[in-house]
Amino acid sequence: MGYTEHFVKLSDGVQILYTDTGAPQASSASLDYTTLVVLHGSGFNGDGLVPLHKHAHNDNLRIILWNRRDYRGSTKYTSEELNALVHGSKTHQDRLALHLAWFFAHFIKFEGTPALTPDRKAGGFILVGWSFGCATALALLADPAVIPRPLYETIEPYLMGLVLYDPPGLALGNPLPDGCVPGPPFVKNAHTPAQLCYQFQVVSAYFTHPDIATGTASGLSTQTRPSKMTINSWTPEQLERYFDGEALLRSEFPWCVGSYWAVIQSY
């Protein structure tokens with residue numbers, strides 16, 4: 001599967017853990033390889049996406065899987081940063097934008113990332129957000145004034161595109177359907193990582209919705225424990241490695257149920 005694990009320290013001292021396939025082996029096809037930087041969702045860290053690595057070099061890709069802050073190996077949020085998140089301060093989103101920009105600049109300078117080709121179809125970076133990781137990915141594009149001009153001019157020739165994979169409406173700032181309240185209702189009574197781990201499993205479930213096309217809560221399934229869930233196919237060791245209930249409780253729920261949603265919605 002071929003990947004290695006690394007740490008990078010960003011300009012403000014924050015550390016990010018990431019796994020990396022490395023560049024494809026030198027050949028004429030690999031001189032313009034594209035680097036995918038993938039941001040995981042809530043609760044499930046980058047380790048669960050490691051199977052992506054095996055597809056990288058055959059498709060002339062370099063794949064980087066971030067562990068977002070508060071997750072294994074990456075710097076935890078300070079109490080001041082969590083307070084800003086809970087109270088919906090824009091500084092949180094601005095900081096995420098800078099962290100991504102600094103990471104791209106680091107790779108350009110120290111890893112020899114190829115610039116985009118003239119047709120913008122090869123080389124450079126594609127930023128990928130999965131689930132609520134899309135909120136972090138979108139931070140980079142949210143407010144142009146946040147990125148200093150020299151930093152912008154460094155990374156802009158390398159950014160090919162943005163992929164939002166299965167984003168929840170909250171990550172996009174979309175209005176909630178009638179009858180819905182912010183946050184996953186199935187975890188409202190979870191008060192410990194162990195309780196949360198059990199109840200949050202439902203996000204990997206397969207649902208049959210009665211009438212999803214209505215766009216209302218009444219058209220959604222109300223099952224609380226569907227019988228088919230991807231997480232049930234994991235070994236206990238995989239579950240322990242892929243899922244982080246502590247990070248979910250500490251820093252993800254304020255995004256979903258606090259006033260921070262209004263910050264995303266304002267862009």
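Predicted model: local features only at pLDDT ≥ 70, side-chain atom pairs only at ≥ 80, totals over all residues.

Is Arg69 buried or exposed?

**Arg69.** I looked up where it sits: Arg69 is in the loop that runs between β4 (61–67) and α1 (79–86). Its relative accessibility is 5%, so Arg69 counts as buried, the cut-off being under 20%. Next I checked what the side chain reaches, and found the backbone oxygen of Lys76 at 3.0 Å.

**α2 and α3.** On to the helix pair. For two packed helices, I want the angle between the axes and the distance between them. The axes of α2 (residues 90–110) and α3 (residues 133–142) come within 8 Å, with a crossing angle of roughly 80°. I therefore noted α2 and α3 as roughly perpendicular to each other. Which residues meet there? From α2 I got Gln93, Leu96, Ala97, Leu100, Ala101 and Phe104; from α3, Ala135, Thr136, Ala137, Ala139 and Leu140. Sorting the residues of this α2 with α3 contact gave me nine nonpolar, two polar and no charged.

**Whole chain.** Last, the totals. I have nine helices and six strands, and 46% of the 267 residues count as buried. Among contacts with a separation of 6 or more, 76% come from residues 24 or more positions apart. The accessible surface is about 13,300 Å², and carbon and sulfur atoms account for 57% of that.

Key
Residues numbered from 1 in each chain as written. Heavy atoms only, no water. Helix = DSSP H or I, 4+ residues; strand = E, 2+ residues; numbered from the N terminus. Buried < 20%, exposed > 50% of the residue type's maximum accessible area, 1.4 Å probe, protein only. Contact = heavy atoms within 4.5 Å. Areas by Shrake-Rupley, 256 points an atom, 1.4 Å probe, with all protein chains shown as cover. Polar contact = N/O pair within 3.5 Å; in protein donor to acceptor, adjacent residues only side chain to side chain. Axes fitted to C-alpha atoms, helices over the stretch in contact; angles between N-to-C directions. Parallel < 35°, antiparallel > 145°, perpendicular 65-115°, else oblique. Nonpolar A, V, L, I, M, F, W, Y, C, P; charged D, E, K, R; others polar.
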